[in-house]
Amino acid sequence: MTTQRRAKITALGRYVPPRIVTNYDLAQMVDTTHEWIVERTGIHQRHWVEKGTPTSELGAKAAAELLKHRGIEADEIELIIVATVTPDMFFPSTACVIQNKIRATKAWGFDISAACSSFLYALTTAAQFIESGHHKKVMVVGADVMTSILNMEDRATMVLFGDGAGAVMLEPCEEGEEDLGILDYYHEIDGSGGDHLYMPGGGSLNPSSHDTVDRKMHFIHQNGQAIFKFAVRKMEELSTRMLEKHNMTGADLGLFIAHQANMRIIDATANKIGLDQSKVIKNIHKYGNTTAATIPLAIGDAIDEGKLKKGDLVLFAAVGAGFTSGSVLARWAY
Ligand SMILES: CC(C)(COP(=O)(O)OP(=O)(O)OC[C@H]1O[C@@H](n2cnc3c(N)ncnc32)[C@H](O)[C@@H]1OP(=O)(O)O)[C@@H](O)C(=O)NCCC(=O)NCCS
């Protein structure tokens with residue numbers, strides 16, 4: 001017998017590697033400047049792993065902090081969903097690797113691949129397992145080692161990304177908490193945008209070979225302007241759609257937490273939905289784009305800054321490679 005309850009986030013864990021790389025450091029590596037990067041992206045610095053550090057290591061550290069904050073043991077986790085575009089390897093899944101590292105001996109799990117939208121896709125997926133009544137503790141990890149797929153000679157992409165991880169625990173709302181938790185979601189994919197941001201090598205289409213490596217197919221390839229235009233349009237569209245569906249405007253929101261890809265994308269969306277800057281969480285200046293980790297890292301900053309309190313209405317939005325996109329509406333529950 002299962003009981004249907006809405007899912008709520010009950011704890012957060014984060015991890016970024018200690019090595020900070022500034023724009024000035026990058027200007028020693030490629031033809032760029034601190035000023036260009038700040039003006040076009042809002043990024044001042046990012047955290048990069050030491051070479052060879054896998055995504056699972058970051059994810060496991062975020063998971064360990066999450067368990068500490070929640071005050072539970074790893075074997076209480078029933079399901080692990082890992083959002084990542086840089087899994088340790090194709091298989092086994094990074095969920096399996098993290099499960100083993102943290103000794104979550106009673107969990108099952110899997111990875112979700114949706115690039116910069118993957119944390120929200122994973123959150124939505126996890127919420128279904130809680131709402132169905134099948135699970136009471138689902139961990140969502142968003143983790144990426146973007147430096148593992150960056151072409152360090154390509155100034156147009158290498159300045160944008162950072163490494164990091166975040167994890168949240170989803171649990172059922174208690175009785176009397178009916179208005180809290182994850183209220184709604186909306187996601188899309190549009191595969192026609194696939195060749196604007198992709199990593200062509202290493203899969204079944206272009207199995208790794210000397211040739212694919214010589215042609216740098218194991219790195220991110222990006223059409224920055226096409227991504228930028230799509231992201232600005234889609235993030236605003238999905239945010240507005242969610243607000244209108246719930247008869248709300250930006251003024252009803254306590255906080256807007258968007259995927260951190262570019263300061264100008266976040267600002268354009270916030271302006272269009274009429275949001276006061278004080279309600280917009282931005283941390284891209286210190287982390288860059290950490291792909292699956294941006295939203296949990298931003299949740300952490302919102303908590304640190306005292307901007308996220310129980311009962312606050314939060315709109316999450318993300319757009320990424322695929323194209324993938326989505327928005328999630330939640331009422332913060334702790
Ligand atoms: C990548 C991005 C910052 C580039 O900004 P932009 O204003 O579109 O710049 P453009 O691509 O038009 O390039 C303008 C010029 O800057 C140059 N440039 C690119 N990267 C540079 C860098 N790091 N430093 C200095 N100049 C750079 C380009 O070569 C180009 O020079 P040209 O005019 O001589 O050809 C922007 O397109 C962007 O953020 N796109 C979205 C990327 C993204 O979010 N990806 C993740 C998806 S979730």
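**Figure 1. Gly224 and its place in helix 8.** In this predicted model, Gly224 is found in helix 8 (224–245). Helices here are DSSP runs of H or I with at least four residues, strands are DSSP runs of E with at least two, and both are numbered from the N terminus. Gly224 counts as partly exposed because it has 15 C-beta neighbours inside 10 Å. By definition, a residue is buried if 20 or more other C-beta atoms lie within 10 Å of its own, exposed if 12 or fewer do, and partly exposed in between, with C-beta atoms placed from the backbone. Gly203 is 21 residues from Gly224 along the chain, and the C-alpha atoms of the two are separated by 23 Å. Residues are numbered from 1 along each chain as its sequence is written. Local features need pLDDT of at least 70 and side-chain atom pairs count only at pLDDT 80 or more, while totals for chains, interfaces and linings use all residues.

**Figure 2. The shell around the ligand.** Of the 20 residues around the ligand, Thr32, Cys116, Gly224, Phe228 and Ala261 come nearest; a residue is near a molecule if its C-beta atom, placed from the backbone, lies within 6 Å of it. Helix 2 (34–41), helix 6 (155–158) and helix 8 are the elements that give two or more residues to this shell. Helix 8 provides the largest share, five residues. By class, the shell has 11 nonpolar, seven polar and two charged residues. In this scheme, Ala, Val, Leu, Ile, Met, Phe, Trp, Tyr, Cys and Pro count as nonpolar, Asp, Glu, Lys and Arg as charged, and the others, Gly among them, as polar. Domain 1 (7–172) and domain 2 (181–331) each contribute at least three residues to the shell; the domain bounds come from an automatic or database domain assignment.

**Figure 3. The contact between domain 1 and domain 2.** The centres of the two domains, taken over C-alpha atoms, are separated by 14 Å. Their contact takes 44 residues from domain 1 and 41 residues from domain 2, where two residues are in contact if their C-beta atoms, placed from the backbone, lie within 7 Å. On the side of domain 1 that touches domain 2, at least two residues come from each of strand 1 (7–15), strand 3 (45–47), helix 5 (118–131), strand 6, helix 6 and strand 7 (163–172). Helix 5 gives the most to this side, with seven residues. By class, this side has 24 nonpolar, 15 polar and five charged residues.

**Figure 4. Strand 4 and its partner strands.** Five of the five residues of strand 4 (residues 79–83) are buried, so the strand is largely enclosed by the rest of the structure. Leu79, Ile81 and Ala83 lie on one side and Ile80 and Val82 on the other, and both faces are covered. Strand 4 runs parallel to strand 5 (residues 108–112), to which five bridges join it; strands pair if DSSP finds at least two bridges between them. In this pairing, Ile81 stands opposite Phe110.

**Figure 5. The packing of helix 4.** Thr94, Ala95, Val97, Ile98, Gln99 and Ile102 are buried in helix 4. The buried residues of this helix pack against helix 3 (55–70), strand 4, strand 5 and strand 6. Arg103 follows helix 4 and has a positive phi, near 60 degrees.
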